[in-house]
Amino acid sequence: MDHSRTPLFTALKEHAAKNPVQFHIPGHKKGLGTDTEFREFIGDNALSIDLINIAPLDDLHQPTGVIEEAQKLAADAFGADHTYFSVQGTSGAIMTMIMTVCAPGDKIIVPRNVHKSILSAIIYSGAKPVFVSPAQDGNIGIDHGITISSVRKALKRHPDAKAVLVINPTYFGVSANLKEIVDLAHSYNIPVLVDEAHGVLTHFHEDLPMSAMDAGADMAATSVHKLGGSMTQSSVLNVNTKNGYINPYRVQTTISMLTTTSTSYILLASLDTSRRNLALHGHAMAARTIELAQYARQAVNEIEGLYSFGEEILGGEATYSYDPTKLTIHVRHLGITGYETENWLRDHYNIEVELSDMYNILCLITPGDNRETVDILLTALREMSGQYMNKNEINELVVKTPEIPQLSLIPRDAFYGDTEVVPFKESAGRIIAEFIYVYPPGIPILLPGEVISQENIDYIIDHVEVGLPVKGPEDRSIQNVKVIVETDPIF
């Protein structure tokens with residue numbers, strides 16, 4: 001296919017050049033009706049293509065023209081049979097995957113350390129999650145993905161599952177052997193869905209983990225905006241129909257149900273043009289980025305008190321391959337936390353990192369970086385090391401999470417059930433009706449439908465008392481929690 005073409009973006013520019021008289025939304029009408037300061041900052045070019053699904057520009061909900069052409073080009077670029085553009089981010093694509101294959105009561109095998117969109121989709125669909133614990137790294141305090149042996153165990157116990165969901169690669173760039181997991185699941189005639197939010201470049205370079213489509217997975221939600229150059233909130237859903245597990249028409253119906261009818265053509269155009277860039281230059285872009293990231297990694301490992309893992313992390317079931325462009329920097333030996341590191345970099349060097357936890361920060365090296373931006377980071381880290389090295393007590397690295405609680409109700413039934421509010425410290429034995437996440441390590445501790453244990457309560461309170469953020473419950477102070485109303489026994 002001719003990947004120099006951008007059918008959607010070209011159509012938008014040609015339509016804007018005709019300067020049509022618009023009697024349709026958006027009401028700003030090429031910027032004339034918007035705030036002056038905003039218009040001057042954004043620019044008339046952008047506002048001129050902020051359009052709606054009029055006939056010349058096709059319709060994302062039932063594409064038959066330039067959007068359909070753009071999606072076919074994207075499918076070819078990503079090695080998929082079908083590709084669907086998402087203006088609801090990768091979250092929308094993930095929810096589409098799960099809701100395409102799961103009906104109420106269906107089982108789905110998922111890692112415990114999943115993105116909240118996966119849990120949202122489980123609630124919306126009424127599916128029953130079968131959780132698999134991720135492998136934990138006791139050296140740097142992070143979680144990896146699920147292993148082939150853990151998936152095999154889950155499949156043996158739940159051969160009636162409707163899908164296996166895998167994160168590939170993880171937020172920190174580490175991957176298990178996805179091809180083995182796919183082949184194993186397919187031997188049970190079960191499709192594999194992949195959260196590929198952090199893997200858009202994987203298909204374009206052999207030194208990165210294998211992409212979902214290359215591994216034979218059935219669906220993959222991929223964030224083009226995270227690392228592939230498109231605008232925030234724009235992603236793709238790649239679908240492989242060769243294995244016969246996925247109906248592409250049902251995928252289109254499902255993603256349409258979850259998508260606004262006022263789709264952003266600016267976001268769609270950025271997907272069209274980013275696909276062109278990746279298809280024509282993706283390998284070279286990835287190669288430069290990998291080289292830059294390895295330069296940064298080597299320099300970080302020469303700074304006293306800091307460590308960034310590389311190929312030495314490989315060799316385990318959960319660490320089959322890694323993406324070097326994810327620069328995880330372990331700061332514990334400086335006697336400070338990742339949170340403190342993030343704030344120090346912001347306050348002293350105006351540097352913003354991707355995330356921080358108790359022991360690490362994560363810096364993404366992307367095609368948008370160059371030697372200058374990386375050197376600023378390295379200069380800052382050297383100064384920080386000089387300020388903190390041998391000054392503070394080094395905290396012991398502790399990676400522990402409670403056992404996965406008993407799931408007493410399907411999450412949807414708990415989420416929508418009759419609830420009452422009780423003191424959290426007195427909630428042991430009750431069925432929770434909301435989410436509780438504690439960071440680190442980023443694994444949800446309690447989900448709707450699970451039975452609260454005293455171990456859960458103690459673990460969460462310990463983390464709250466040391467100032468770590470708790471997310472999920474309506475009561476942000478976590479003094480109280482929503483639980484299912486208990487009914488009197490019949491006998």
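1. Overall content. The secondary structure of the protein comes to 15 helices and 19 strands. Helices (H or I, at least four residues) and strands (E, at least two) are DSSP runs, numbered from the N terminus. This is a predicted model: local features need pLDDT of at least 70, side-chain atom pairs count only at pLDDT 80 or more, and totals for chains, interfaces and linings use all residues. Residues are numbered from 1 along each chain as its sequence is written, and side-chain values use heavy atoms, with hydrogens and water left out.

2. Overall dimensions. Along the principal axes, the C-alpha atoms fill a box of roughly 70 × 65 × 50 Å.

3. Of the 491 residues, 55% count as buried. Buried means under 20% relative accessible area, exposed over 50%, partly exposed in between (1.4 Å probe, protein chains only). Among contacts with a separation of 6 or more, 72% come from residues 24 or more positions apart. Contact means heavy atoms within 4.5 Å.

4. H1 with H4. Two packed helices are described by the angle between their axes and the distance between the axes. Axes are lines fitted to C-alpha atoms, for helices over the stretch in contact, and angles run from 0 to 180 degrees between N-to-C directions. Helix H1 (residues 7-17) and helix H4 (residues 66-78) cross at roughly 150°, and their axes come within 7 Å. H1 and H4 are therefore roughly antiparallel. Angles under 35 degrees count as roughly parallel, over 145 as roughly antiparallel, 65 to 115 as roughly perpendicular and the rest as oblique. H1 supplies Pro7, Leu8 and Ala11; H4 supplies Val66, Ile67, Glu69, Ala70 and Leu73. By class, this contact of H1 with H4 has 7 nonpolar, no polar and 1 charged residues. Ala, Val, Leu, Ile, Met, Phe, Trp, Tyr, Cys and Pro count as nonpolar, Asp, Glu, Lys and Arg as charged, and the others, Gly among them, as polar.

5. Alanine 11. This residue is found in helix H1. At 13% relative accessibility, alanine 11 counts as buried. Not counting residues up to four places away in sequence, alanine 11 touches Leu57 and Val66. Alanine 269 is 258 residues away in sequence, yet 9.6 Å from alanine 11, C-alpha to C-alpha.

6. H5 with H6. Helix H5 (residues 89-101) packs on helix H6 (residues 116-125) at about 40°, with the axes 9 Å apart. The pair is therefore oblique. On the H5 side the contact uses Ser91, Ile94, Met95, Ile98 and Met99; on the H6 side, Ser117, Ile118, Ser120, Ala121, Tyr124 and Ser125. Those residues divide into 7 nonpolar, 4 polar and no charged.

7. H12 with H13. Helix H12 (residues 338-349) and helix H13 (residues 371-388) pack at about 115°, with axes 11 Å apart. That makes H12 roughly perpendicular to H13. Thr341, Trp344, Leu345 and Tyr349 of H12 meet H13 residues including Ile376, Leu381 and Met384. The contact of H12 with H13 has 8 nonpolar, 3 polar and 1 charged residues.

8. Glycine 216. The loop between strand E8 (192-196) and strand E9 (219-222) holds glycine 216. At 18% relative accessibility, glycine 216 counts as buried. Leaving aside neighbours within four places in sequence, glycine 216 is in contact with Val182, His186, Asn240 and Asn243.
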